[in-house]
Amino acid sequence: MDFNKKIINALATIFVVLERFIHLIFTPYKTMRRISQEKSYGQLLVIGCLIYIYFYWATKIKDFLLPSYLMFLAVLINLILVMIFVYLFFRFTKVKIDLKSFFFTYIYSLLPTLIWFFTSSIFYFLLPPPRTTSFLGKSFSIFFIAFSISLLIWKMILVYLSLRFSTKQSFYKIAFFLLIFGCVFLPYSLLLYSWQVFRIPFL
Amino acid sequence: MKTEYLLKKKLKEIYLVSPNDLGHPLLTKIYKKTTSYFKVMPFLVVIPLSFGAAFLLYLVLGPFLVKLASLLQYGF
């Protein structure tokens, strides 16, 4: 009986996460506002599982330096580093931040990148790079870049809303934070790209 | 009683953050107008914008865009 209840709870949590994912596509503002008041850590576990599934799938179709579980561990370390950076930045600028709210909204904001990595891995499997300068090669490149830009814009919207609801700060302060974060994040991403672990800072 | 509770909860959620003020009425108006497109169904704006940007990038960068797409494909 107790086991059945646990199964039902787990299924309900998965359903809630999927529902939120769909709502983040159609009503990102309202959904992020709701997520910022979330308390159920089970949802984060579901997203964590999705990230692990991605790593497992990616290592099956391409060789990587690190096995899937180590890449997942690296993502967790990266997440802790982001949390510390955000906490220190807002503490330094004397802004009160709801870390729990930021934690939930930030993890949900990983959805666009997770979709990008999943889709790119499928494209890698179906249409292996490098692309050529033929008509089809150029057309696919334009499509792929447009797809990447659209997910990047969506990601930026979600990250902005994540900071907006967890710090309750104005546009200028959030934009300033994102500028500083970008200055640190870009060299860090390039460094990880050179180590063949490009996806870590984005997941 | 339940309706009152739900209404209070909803109002609390709506007023979670105060409206943004960019310091100048015109800037605030532009901000509100722009963000309204991204609050509900953002992909109606984002998809045409992305294709426009990708095509513009192709016109500016030419074959480099193809290299960029390959580079991103390797990065998954």
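This is a predicted model: local features need pLDDT of at least 70, side-chain atom pairs count only at pLDDT 80 or more; totals for chains, interfaces and linings use all residues.
Author: Residues are numbered from 1 along each chain as its sequence is written, chains are lettered from A and ligands numbered from 1 in the order in which they are written, and side-chain values use heavy atoms, with hydrogens and water left out.

Reader: Why are H3(B) and H4(B) called oblique to each other?

Author: The axes of helix H3 (residues 43-61) and helix H4 (residues 63-74) of chain B come within 6 Å and cross at roughly 120°. Angles under 35 degrees count as roughly parallel, over 145 as roughly antiparallel, 65 to 115 as roughly perpendicular and the rest as oblique, the axes being lines fitted to C-alpha atoms, for helices over the stretch in contact, with angles from 0 to 180 degrees between N-to-C directions. The two helices, H3(B) and H4(B), are therefore oblique.

Reader: What makes Thr28(B) buried?

Author: Buried means under 20% relative accessible area, exposed over 50%, and partly exposed in between (1.4 Å probe, protein chains only). Thr28(B) has a relative accessible area of 11%, and therefore counts as buried. Thr28(B) lies in helix H2 (residues 25-39) of chain B, where helices are DSSP runs (H or I, at least four residues) and strands likewise (E, at least two), numbered from the N terminus. Leaving aside neighbours within four places in sequence, Thr28(B) is in contact (heavy atoms within 4.5 Å) with Asn20(B), Asp21(B), Leu22(B) and Gly23(B).

Reader: Why does Lys168(A) count as partly exposed?

Author: Lys168(A) has a relative accessible area of 39%, so this residue is partly exposed. Lys168(A) lies in the loop between H7 and helix H8 (171-194) of chain A, and its phi is near 60°, a positive value in a residue other than glycine. Most residues other than glycine have a negative phi.

Reader: How do you know that Met41(B) is to be called partly exposed?

Author: The relative accessibility of Met41(B) is 35%, and so Met41(B) is classed as partly exposed. Met41(B) is placed in the loop between H2 and H3 of chain B, with a positive phi near 45°.

Reader: What is the peptide bond from Pro129(A) to Pro130(A), cis or trans?

Author: The bond from Pro129(A) to Pro130(A) is cis, with omega near 10°, and Pro130(A) is found in the loop between helix H6 (111-126) and H7 of chain A.
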